[in-house]
Amino acid sequence: MKDQQENKKFHYHIITFGCQMNKNDSERIESIFESMNMISTDKPEEADVILMNSCSIRESAEDRIYSFSHEFAKLKETKPNLIVAVTGCMPGRDKDGTLRKRLKGVDLFFPTKDVIMMPKWLSELNPELRPIDLELDYLSVKPHVKSKFQAFVTIQTGCNQFCTYCVVPYARGMEVNRPLKDILDEVKSLVNDGCLEITLLGQIVNHWLAKEDDKFSPNNPYTQNDFAKLLWELNQIEGLERIHWTAPHPIHMDDEVIDALTLPKQLNFIHLPVQSGSSKILKKMNRKHTRELYLEKIKKIREKKPDIAIGTDIIVGFCDETDEDFAETISLYQECDFDISYTAKYSTRSGTTADKAFADNITQDEKKKRWFELQHLMEDIVLRKNQLYLNKEVSVLVDTFKNGMCGGNSREMKRINFPGDKALIGKIVKVIITEAGHWILWGKVL
Ligand code: 5AD
Ligand code: SF4
């Protein structure tokens, strides 16, 4: 203990890139630094250890790590004891060391699962930093959550799908699922501390598989799909109000998972990545679903929950995507009537099948043109859909307060602002919508 007290004078600074899973990993890393009795700082120049949690999904995300590493290498000239660490997806996929070579002044470069070794490595670099003993499995490290009422819960890491454009299976390895008990214990402990909303995270969250000795309740109504069973178990936790999950894969949206969308705590929103509306491109992407299968899943979801909001991910300008293929993406978008799309221009990633086997043959200008076309379509559709909420009541979990205005998400994951009080933060409030924009709806408390 005395040793660790000595760490009190050391500061750490974390920079997180990428998805919610990286954010949740950073919460674990923060909790490791805190257990070492180190102090968080938001000023890199004040830090003794700077850790970047990297994302590799697109080239631009990796470019930012290179540029930060140059900046920190300069900082090291005036602060020679500064330790710079990089974890996340970049070290995971850098099998031959090419990425690391391009990084300046980085002392530690390790994949996320090795973060349990970080205290030991830090103390080797700076013997004044006292290490701590950690669990062997990094997922068992309890995340240092900032919000008392909202939390991420990673239930699975890695991915076995090998979509041809995607680095995730290389960066994060094969799929690993957490045991049922660990997940339920983590959620119960969060709820005990006041948590109202959880977001379950997994690369293919609806492919979560139970362990052989995981025991579900005897009255669990689902018999086929472990993820649907898990959702039902989580719905039984008293005090938990909202359950959300991301990201599912269309091929695992079976009837039980679709039925579980009607469970009482389930948010009225689903994010279901499609990537393209052309079956030819989907095949080339190794998505293992067609346009028709995706449309059938959306139809079934809407039959169960007619007013559900739906989001998606789309990649434009994938290898060999013709104008006709892109027109199919546009028509699928219209047919699905999505509320939101996270649209990306295809960016080739070294090591992936697409990079090795296909030519990145759509020009940047064409990718940009297609991106804007989809963006405009999204804006038209979402405005029309948001106006349907006028004079309707929504339920908002308030998470911010500024200048007399409360802000929070509705169950449809729409951003709602309304005049209110700071004391409403962390409360679920009924709001009637009076004005609807593209990305914000305004209302008043009932
Ligand atoms: N280029 C562009 N977008 C990509 N995504 C994944 N890999 C790439 C890539 N190489 C997008 C997909 C995925 C989201 C997380 O990132 O749409 O669903
Ligand atoms: Fe990447 Fe495809 Fe796995 Fe999603 S399902 S993480 S896009 S390989």
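Analyst: The answers below concern a predicted model, and each sets a computed value against the cut-off behind the term.

User: What makes the overall dimensions agree with those of a compact globule?

Analyst: The rule takes 2.2 Å times the number of residues to the power 0.38. For 446 residues a compact globule would have a radius of gyration near 22 Å, and the protein has 23 Å, so the two agree. The C-alpha atoms fill a box of roughly 60 × 55 × 50 Å along the principal axes. Buried residues account for 54% of the 446 residues. Of the contacts with a separation of 6 or more, 72% are between residues 24 or more positions apart. The protein has 15 helices and 18 strands.

User: Why is helix H9 described as largely enclosed?

Analyst: A residue is buried when its relative accessible area is under 20%. In helix H9 (residues 226-235), 10 of the 10 residues are buried, so the helix is largely enclosed by the rest of the structure.

User: Why is the pair of Phe318 and Phe358 called edge-to-face?

Analyst: Two rings pair if their centres lie within 6.5 Å, and planes over 60 degrees apart count as edge-to-face. The centres of Phe318 and Phe358 are 6.3 Å apart and their planes stand at 85°, so the pair is edge-to-face. The pair links distant parts of the chain, 40 residues apart. Phe318 is in the loop between strand E12 (309-316) and helix H13 (323-336), whereas Phe358 is in the loop between helix H14 (353-357) and helix H15 (364-387).

User: What else surrounds Phe358?

Analyst: Phe358 belongs to one aromatic cluster with Tyr165, Phe318 and Tyr346. Lys284 lies over the face of Phe358, at 4.2 Å from the ring centre; the distance limit for such a placement is 6 Å. Elsewhere, the charged end of Arg102 sits over the ring of Tyr66, 3.9 Å from its centre.

User: How many aromatic pairs are found in the whole structure?

Analyst: The search finds 13 aromatic pairs. One of them joins Trp208 and Phe216, with 6.4 Å centre to centre and 90° between the planes, and is edge-to-face. Both Trp208 and Phe216 are buried.

User: What makes E2 and E5 the edge strands of their sheet?

Analyst: Strand E2 (39-40) and strand E5 (108-109) each pair on one side only. The five strands form an open sheet with parallel pairing, in the order E2-E1-E3-E4-E5.

User: How do you know that E1 and E2 are paired?

Analyst: Pairing requires at least two bridges. Two bridges join strand E1 (residues 11-16) to E2, and the strands run parallel. Within this pairing, His11 stands opposite Ile39 in E2.

User: Which helices lie across this sheet?

Analyst: Helix H2 (residues 20-35) lies across E1, E2, strand E3 (49-54) and strand E4 (83-88), at about 175° to E1. Helix H3 (residues 59-78) lies across E1, E3 and E4, at about 175° to E3.

User: In what order do the strands of the barrel close?

Analyst: Five strands close into a barrel in the order E14-E15-E16-E18-E17, with mixed pairing. Neighbouring strands are turned by 50° against each other on average, direction ignored.

Note on methods: Residues numbered from 1 in each chain as written. Chains lettered and ligands numbered in written order. Predicted model: local features only at pLDDT ≥ 70, side-chain atom pairs only at ≥ 80, totals over all residues. Heavy atoms only, no water. Helix = DSSP H or I, 4+ residues; strand = E, 2+ residues; numbered from the N terminus. Contact = heavy atoms within 4.5 Å. Axes fitted to C-alpha atoms, helices over the stretch in contact; angles between N-to-C directions. Phe/Tyr/Trp six-rings, centres within 6.5 Å; stacked < 30°, edge-to-face > 60°. Buried < 20%, exposed > 50% of the residue type's maximum accessible area, 1.4 Å probe, protein only. Lys NZ or Arg CZ within 6 Å of the ring centre and 35° of its normal.
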